[in-house]
2 protein chains.
Amino acid sequence: MATRKSVSSQRITLDYNNCLAEAVGKEHGLRPTELDRIERLTPKIAEKLATQRKNGKLPYRDLPYQDDMVASVLASARAKQGQFDNVVVLGIGGSALGTIAVHTACAHPFYNLLADKDRKGPRLFVMDNVDAAQFGALADMLDFRRTLFITISKSGSTAETMTQFLICRQKQIDTLGQKKHAENMIVITDREKGYLRPIAQQEGYETFPVPDGVGGRFSVFSAVGLLPLALTGVDIKNLLAGAALMDGSCKEPRLRRNPAFMSAAIQILFYNRKKPMSVMMPYSQALRDVADWYRQLWAESLGKVRKAGSREENVGPTPIKALGVTDQHSQVQLYREGPNDKIFTLLGVENFGRELPIPEAFEDVAGVGYLGGHTMNELMEAERRATAYALVKSQRPNVTISLPAVNEFTVGQLLYMMEVQTSFAGELMKINAYDQPGVEEGKVATYALMGRKGFAEAKKEIKALKSSKKFII
Amino acid sequence: MATRKSVSSQRITLDYNNCLAEAVGKEHGLRPTELDRIERLTPKIAEKLATQRKNGKLPYRDLPYQDDMVASVLASARAKQGQFDNVVVLGIGGSALGTIAVHTACAHPFYNLLADKDRKGPRLFVMDNVDAAQFGALADMLDFRRTLFITISKSGSTAETMTQFLICRQKQIDTLGQKKHAENMIVITDREKGYLRPIAQQEGYETFPVPDGVGGRFSVFSAVGLLPLALTGVDIKNLLAGAALMDGSCKEPRLRRNPAFMSAAIQILFYNRKKPMSVMMPYSQALRDVADWYRQLWAESLGKVRKAGSREENVGPTPIKALGVTDQHSQVQLYREGPNDKIFTLLGVENFGRELPIPEAFEDVAGVGYLGGHTMNELMEAERRATAYALVKSQRPNVTISLPAVNEFTVGQLLYMMEVQTSFAGELMKINAYDQPGVEEGKVATYALMGRKGFAEAKKEIKALKSSKKFII
């Protein structure tokens, strides 16, 4: 058991000094009065969220405590130990991004390249696209007898995932036979509804539920994320323990004590002050895919048509993924000299788990010699601080979320914090953070073009879209 | 030799129907008069660029024709054939992004995972960060006797790259001895100047030049990109042939005939019409890293302080990377319902090199059965068209660049087009597209924090940056 002291030293923190007027000036920094205004709103919003949760309207909030679900995931993972060389997730959007984010963060940096004996589980492939070149190459490469597929779709009508499923299932049957193929397929779908549930029953697949009322982008702490993670050696109990710890902080009704609420407040205040872009810039290779997960959470939750009476307004910040230090040599020129239209969230890591000393050599060469005797870790830290400083010098507001280390416990905190931040931001913006009506039109158009029954009218409309050769070079 | 007909069928095209007022309405679409205005400016800008080129001021434009350089790169690659299992590029920003973009596009989708006999060359690792966890894991994994390092830095003072260099060189010496280690190291740096040139001479490293006057982000067609690509089985001659073909189109002084100029015009017109974000969304896994390369090119070239007399203005569009179809389940909700503040560039691929048929099954299941009999390729195509259509329906301007296939020849065209597009955009914006003064402050701060001589003052200033515990949660 972790002692109280060791838990507290593993807490992630939010440092918002650098977004205040004191740091970046009044024109681009937050004044205390702005935060005060949100602070006054906070107890009411906190109460609203707590009531929603109590009434079962925010089931994602309770995912860290589903002991039965965790037990069944772990039992399944244990039962499969040693049987598979590969786990392939067939899923897209929320069915893929959480698994990718946590696995990149917590597994070996070159996990799939490791020899079997050095890996904590089978190789992991999350296939979240329908690119025939890539998908075909994967299928060629895998031994289907030693490959477990996990098909994830709540509705069972996700065209991309069902396409992948049909292709893989056929190849499984060709390789293993109709009966035995079912042992290499797991389905995660709605508990009762949807097209995949009866298919799974008919074929005899093992299944796990996508919990009721939990949208894809809030599903990482359900079987959707936990099963592939557990199968590939991620410590899901520690992940959930981190989420639960953050849940404690997120119940706090005082803005200045609640990192999720404060982070949301900062984001939305800047959005309203004509900084429509929100850059997340992890200073850690391991955290790079967290930024992609956050991109979905933030964009799909907050990018909405807001209705106020008869008036409609298109609102929502645009999340942008960046990577430190890499993007200092790509984006920082724009971030410092371009328009001051962004709020930056840097992710810092205190302990990378190992130190890499820089050998002393070429001491007389000015541009090289000074590095010797330091460590690569010091350089990473210096660059993150240097970027924060350079942003402040050009009046660009930024905050830093610090992780004591990158592991299941800290990543669990971070993702849970981002989820609650999203709920709070939705309340501040007065929009529904949990739907995605804007995706429908594209889905219908896809169905129409693929000849799904009942979509013939839509097809006509798409074909009627004018396209003149004159405007093609 | 390719016939004229086969070349023309391998040309990439720009379709800008969907950004015109006829498609997305007058409020958000371009009117012919706007394009006419740019068209009138075009011959003058074309002439200016041609003169700059003739006077040696745009040397990147001539990179597709450096036959001697290509011959020396190919000779070096041939000489190393069979000697190495791994090529590791130590470089960041422009020293990394071009190689990554082209390799991802032209090599096998799971190149590094292939068995030696199935790969066209050694595995490729482009290390463009200073993360001790990642870098240490790589160093542990590699057999240094069978690993070739390519250190790339024009100035030889890039802190990240020189740190990597010092660490790897020491481990090479420990493994191979001082004399023999030099056989496993190549340096690409300035022809004469900088800190790396004398080091390379002293140590006896093979070297290639970063051509004079070519900035990192325009260097993909020099040895910077060509050497690692040639070593790992990419057909660099075809890459350059594609670039040369596009060069022909880019000399055209009529806006409506020149894809690079037209694309730039569209981007800058929308930027000036309050769409500060430029989304590049490839519908192809192979092209995903092209969007990262473009991010640097566009951000670092155009994100500038523009001086007009005593007035200073912060300008520049923000490039954003997205991925089709994946991001339909992540970003499209925002793209359609959020603020209409973006111009979209979709990248389409006509031929993925293989077809993946979708088996017929579950014909009676409405959400699944209609897919059978189609191909994954048709789905990808349908989704790209569906997204373009859905964007038009919500008045979001978009253009599509189509590649007949993804290979060296088409990718060469695409990258060269983007480079010329950048030059033209710089002229339209009246800024210097080739410098990056905004990066300096962060570099100085890093030097200061790492204790480089002559930067003590800067260190004091950084330490003086106020940070109150009150604003850390």
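Predicted model: local features only at pLDDT ≥ 70, side-chain atom pairs only at ≥ 80, totals over all residues.
Q: How many aromatic pairs turn up over all chains?
A: Searching the whole structure gives 26.

Q: What makes B:Phe165 and B:Tyr205 an aromatic pair, and why is it called edge-to-face?
A: Their ring centres are 6.1 Å apart, and pairing asks for centres within 6.5 Å. The planes make an angle of 90°; since over 60 degrees counts as edge-to-face, that's the label.

Q: What parts of chain B does this pair tie together?
A: B:Phe165 sits in helix α7 (residues 159–176), and B:Tyr205 in the loop between α9 (196–203) and β6 (206–210), so the pair links parts 40 residues apart in sequence.

Q: Why do B:Phe165 and B:Tyr205 get the burial label they have?
A: Buried means under 20% relative accessible area. B:Phe165 has 0% and B:Tyr205 has 6%, so both count as buried.

Q: Why is the pair of B:Phe221 and B:Tyr416 called tilted?
A: The planes are 45° apart. Under 30 degrees would be stacked and over 60 edge-to-face, so an angle in between is tilted. The centres lie 6.3 Å from each other.

Q: How far apart in sequence are the parts that B:Phe221 and B:Tyr416 tie together?
A: 195 residues: B:Phe221 is in the loop between β6 and α10 (223–231) of chain B, while B:Tyr416 belongs to helix α17 (residues 408–429). Both residues are buried.

Q: What sits over the ring of B:Tyr447?
A: The charged end of B:Arg452, 4.4 Å from the ring centre.

Technical notes
Residues numbered from 1 in each chain as written. Chains lettered and ligands numbered in written order. Heavy atoms only, no water. Phe/Tyr/Trp six-rings, centres within 6.5 Å; stacked < 30°, edge-to-face > 60°. Helix = DSSP H or I, 4+ residues; strand = E, 2+ residues; numbered from the N terminus. Buried < 20%, exposed > 50% of the residue type's maximum accessible area, 1.4 Å probe, protein only. Lys NZ or Arg CZ within 6 Å of the ring centre and 35° of its normal.
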